[in-house]
Amino acid sequence: MAGILQILAFWPLVRGLAHQQAVSVTDLHARRTSVPPRLHWAWLVAFAAFVALVGAAGFRAAPSVLIDPLHEEFGWSRGTISAAVSVNLLLYGFISPFAAALMERLGMRRVVSGALLLVSAGSGLTVFMTASWQLLLCWGVLVGAGTGSMALAFVATVTSRWFVRHRGLVSGVLTAAGAAGQLVFLPLVALLATEHGWRPASLAVSGAALVVVPVVLLLLRNRPSDVGTTAYGAGAADVEAAVPAGGSAARAVRVLRDAARSRTFWLLAGGFAICGASTNGLIGTHFVPAAHDHGMPHTTAAGLLALVGIFDIAGTIASGWLTDRVDPRKLLGAYYLLRGASLLVLPLLFAPTTEPPMWAFIVFYGLDWVATVPPTVALCRDRFGLSGPIVFGWVFASHQVGAAVAAFGAGFTRDQLGTYDLAWYAAGGLCAVAAVLSLRISPSRAAGPETSS
């Protein structure tokens, strides 16, 4: 049997020798070029970006399960602790456009590696704090600046530089990295905080940030030309943009000045501010303590919030796919209306145990969590051209302003009224406003200047 198999294995060679034909150099070249090409470097860059964004989301989400442990140990009010989260959210947003401009000058690899080191330092130093201002410095300033340098403007930069084909889909996948980070980190941090205290949880976050650095240094590249290739799917008309002249900070401010003349920019910024208030600021920060107010254990509530991340991955990838095919303005209008409706019913669903209606909310809200990002990125790229990533950074800054206001406002409301109900109802109403703002964006690119300078 073995002999028969060997003969069959070599039969093509024997047959070729029996029917010898002259093979031209052209034929050999055609055979060589018919071999499937190697994996395009754009996918390696996307993988490195995904890993960094997973970490950034996990690092930023960790304070939501530390509010009660810090309150119990130090006696700080939830408003005080929420103020540190608000600083974190503000910096996370306002660093974003400057980081996007800095990536044009220094490259993505340097900026993201430095950001991870900041996150590691900020999280690790919290174990030594004894006063609330130190929480503001560590979780607010250091972690906020670090994660802000890996914010969603980073997604816009990666997709704009490295992808022509499948931009919307890749935007969806990278945005879903935030959900994946939440899924990976929240249950672990909640378990560590419950079983061993908040300090081991903070140290775990610090160590995880360091682990991501080698992946970024090994795989992340700044531009296709750095590795002798072009963007994925690029044609002859797609030319890589030159590095702009001038300082990064000056460019970020100049892009904001030009974009602010456009009605489209303000409609996008207003809607995205409400997006931030209704996600990171409210659900991301206060869902766990709100559920605990109704008797639900912290670990269970954190598990539900992580489960939001599972469905968010599916919803955001689907949103990226839809963005390549459907008017982004209409997608945004639908997403905001559905999110607002779900927030209005949330106060009725809290209970000591997880009942079917709460499961339904988790699934529904998860699908909608950051589905707004791919269409918003697409609108910024379409309306503002080469400056699209920086413009999106400023739009994302408004997202974080909304998140910061909601994070502090919901904590203050809980301190004053003893319940979060008003915060849920207010966010639901604001989502309806965001839907109207999105649908009022002009359908033509002429609505806003193409700030390519």
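## Starting at Gln134

Leaving aside neighbours within four places in sequence, which residues is Gln134 in contact with? The answer is Phe128 and Met129, where contact means heavy atoms within 4.5 Å. Gln134 sits in helix α7, residues 132-148, and at 18% relative accessibility it counts as buried. The cut-offs here are under 20% relative accessible area for buried, over 50% for exposed and partly exposed in between, with a 1.4 Å probe and protein chains only. A polar atom of the Gln134 side chain also lies 2.5 Å from the backbone nitrogen of Thr130.

A word on the ground rules: this is a predicted model, so local features need pLDDT of at least 70 and side-chain atom pairs count only at pLDDT 80 or more, while totals for chains, interfaces and linings use all residues. Residues are numbered from 1 along each chain as its sequence is written, and side-chain values use heavy atoms, with hydrogens and water left out.

## The overall picture

The protein has 18 helices and zero strands. Both are DSSP runs numbered from the N terminus: helices are H or I with at least four residues, strands are E with at least two. Of the 453 residues in the protein, 54% are buried. Take the contacts between residues at least 6 apart in sequence, and 86% of them join residues at least 24 apart.

## Cores

A nonpolar core is a set of buried Ala, Val, Leu, Ile, Met, Phe, Trp, Tyr and Cys residues joined through side-chain atoms within 4.5 Å. The largest one has 118 residues, and those touching the most other members are Leu66, Val112, Phe154, Ile283, Phe287, Met358 and Phe392. Helix α12 (residues 263-293) gives the most to this core, putting in 12 residues. There is also a second, separate core of five residues, with Val85, Leu89, Ala404 and Ala407 among them.

Not counting residues up to four places away in sequence, Phe392 touches Leu152, Ala153, Ala156, Phe272, Val373, Thr376, Val377 and Cys380.

## Rings

The structure holds 15 aromatic pairs. Rings of Phe, Tyr and Trp (its six-membered ring) pair if their centres lie within 6.5 Å; planes under 30 degrees apart count as stacked, over 60 as edge-to-face and the rest as tilted. Phe74 and Trp198 have ring centres 6.1 Å apart and planes at 55°, so this pair is tilted. Because Phe74 lies in helix α4 (residues 67-74) and Trp198 in helix α10 (residues 198-219), the pair ties together parts that are 124 residues apart in sequence. Phe74 is partly exposed at 23%, whereas Trp198 is buried at 4%.

Tyr420 and Trp424 make another tilted pair, 6.2 Å centre to centre with 40° between the planes. Tyr420 is buried at 3% relative accessibility, and Trp424 is buried too, at 1%. Ring pairs link Tyr420 and Trp424 with Phe287 and Phe350 into a cluster. Elsewhere, Arg165 lies over the face of Tyr232, 5.2 Å from the ring centre; to count, NZ of Lys or CZ of Arg must be within 6 Å of the ring centre and within 35 degrees of the ring normal.

## Helix α17

How far should the 30 residues of helix α17 (residues 388-417) span at 1.5 Å a residue? They should span 44 Å, and the end C-alpha atoms are 42 Å apart, which agrees. The expected span is 1.5 Å times one less than the number of residues. α17 is mostly covered, with 22 of its 30 residues buried. After α17 comes Gly418, whose phi is positive, near 75°.

## Two partly exposed spots

Ala234 has its place in the loop between α10 and α11 (248-259), and it is partly exposed at 26%.

Leu210 lies in helix α10 and is partly exposed at 43% relative accessibility. Setting aside neighbours within four places in sequence, Leu210 is in contact with Leu117 and Ser120. Leu210 and Ser113 are 97 residues apart along the chain, and their C-alpha atoms are separated by 9.1 Å.

Definitions and conventions. A polar contact is a pair of N or O atoms within 3.5 Å; within protein, one must be able to donate a hydrogen and the other to accept it, and residues adjacent in sequence count only if both atoms are side-chain atoms.
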